[in-house]
Amino acid sequence: MSTLIVVEDTPIAPVQIAWGDYSTLSTVWALADYLVQQWPGPTDGDAYLTALMVCDAVLAGSEDDLPEDARAAFIEAVREAGLTLMDDDDGPDF
């Protein structure tokens with residue numbers, strides 16, 4: 001039986017999604033928690049599963065996966081699920 005060792009959580013550029021209320025996620029731990037506890041979309045898509053794996057790897061201290069990789073994978077999962085993403089690249093112009 002293996003034990004997951006979580007390294008200190010690392011901040012990321014905030015990701016804001018709109019589902020019900022807006023959620024702003026600014027750490028890898030927040031991304032992982034959202035994927036596991038609050039995800040409103042399907043959980044069998046490739047991007048969703050990749051986001052889970054990358055977040056897990058970053059939190060476990062992988063040298064191959066960076067916090068930015070977790071953020072990018074999460075954004076792909078958001079798009080795959082058809083959720084609304086609000087960030088510098090995709091947000092509406094008010």
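At what angle do the axes of H1 and H2 cross? I shall take that question as the entry point to this structure, which is a predicted model.

The axes of H1 and H2 cross at roughly 140° and come within 9 Å. Angles over 145 degrees would count as roughly antiparallel, and H1 and H2 are therefore oblique to each other. The crossing of H1 past H2 is left-handed. As for the residues that form this contact, H1 contributes Val 28, Trp 29, Leu 31, Ala 32, Leu 35 and Val 36. On the side of H2, they meet Tyr 48, Ala 51, Leu 52, Cys 55, Val 58 and Leu 59.

I turn next to the pairing of H1 with H3. Here the axes lie 10 Å apart, and the packing angle is about 30°. Because angles under 35 degrees count as roughly parallel, H1 is roughly parallel to H3. H1 passes H3, too, in a left-handed crossing. In this contact, Val 28, Leu 31, Tyr 34 and Leu 35 of H1 meet Pro 67, Ala 70, Arg 71 and Phe 74 of H3.

In soluble globular proteins, nonpolar side chains tend to be buried together. In this model, the largest nonpolar core comprises 25 residues, and Trp 39 and Phe 74 have the most contacts inside it. At least two residues of this core come from each of strand E1 (11-19), helix H1 (28-38), helix H2 (46-59) and helix H3 (67-81). The greatest contribution is that of H2, with seven residues.

Which residues does Trp 39 touch, not counting residues up to four places away in sequence? They are Tyr 34, Tyr 48, Phe 74, Ala 77, Val 78, Ala 81 and Leu 83.

Finally, I come to the charged side chains. The count of salt bridges comes to one. That salt bridge joins the side chains of Arg 79 and Glu 76, at 3.4 Å from N to O. Both residues belong to helix H3, where Arg 79 and Glu 76 are three residues apart, about one turn of the helix. Are these two residues buried, exposed or partly exposed? Arg 79 has a relative accessibility of 43% and therefore counts as partly exposed. Glu 76, also at 43% relative accessibility, counts as partly exposed as well.

Definitions and conventions: Residues are numbered from 1 along each chain as its sequence is written. This is a predicted model: local features need pLDDT of at least 70, side-chain atom pairs count only at pLDDT 80 or more; totals for chains, interfaces and linings use all residues. Side-chain values use heavy atoms; hydrogens and water are left out. A nonpolar core is a set of buried Ala, Val, Leu, Ile, Met, Phe, Trp, Tyr and Cys residues joined through side-chain atoms within 4.5 Å. Buried means under 20% relative accessible area, exposed over 50%, partly exposed in between (1.4 Å probe, protein chains only). Helices (H or I, at least four residues) and strands (E, at least two) are DSSP runs, numbered from the N terminus. Contact means heavy atoms within 4.5 Å. A salt bridge is a side-chain nitrogen of Lys or Arg within 4 Å of a carboxyl oxygen of Asp or Glu. Axes are lines fitted to C-alpha atoms, for helices over the stretch in contact, and angles run from 0 to 180 degrees between N-to-C directions. Angles under 35 degrees count as roughly parallel, over 145 as roughly antiparallel, 65 to 115 as roughly perpendicular and the rest as oblique. A crossing is left-handed if the near helix is turned anticlockwise from the far one by less than a right angle, and right-handed if clockwise.
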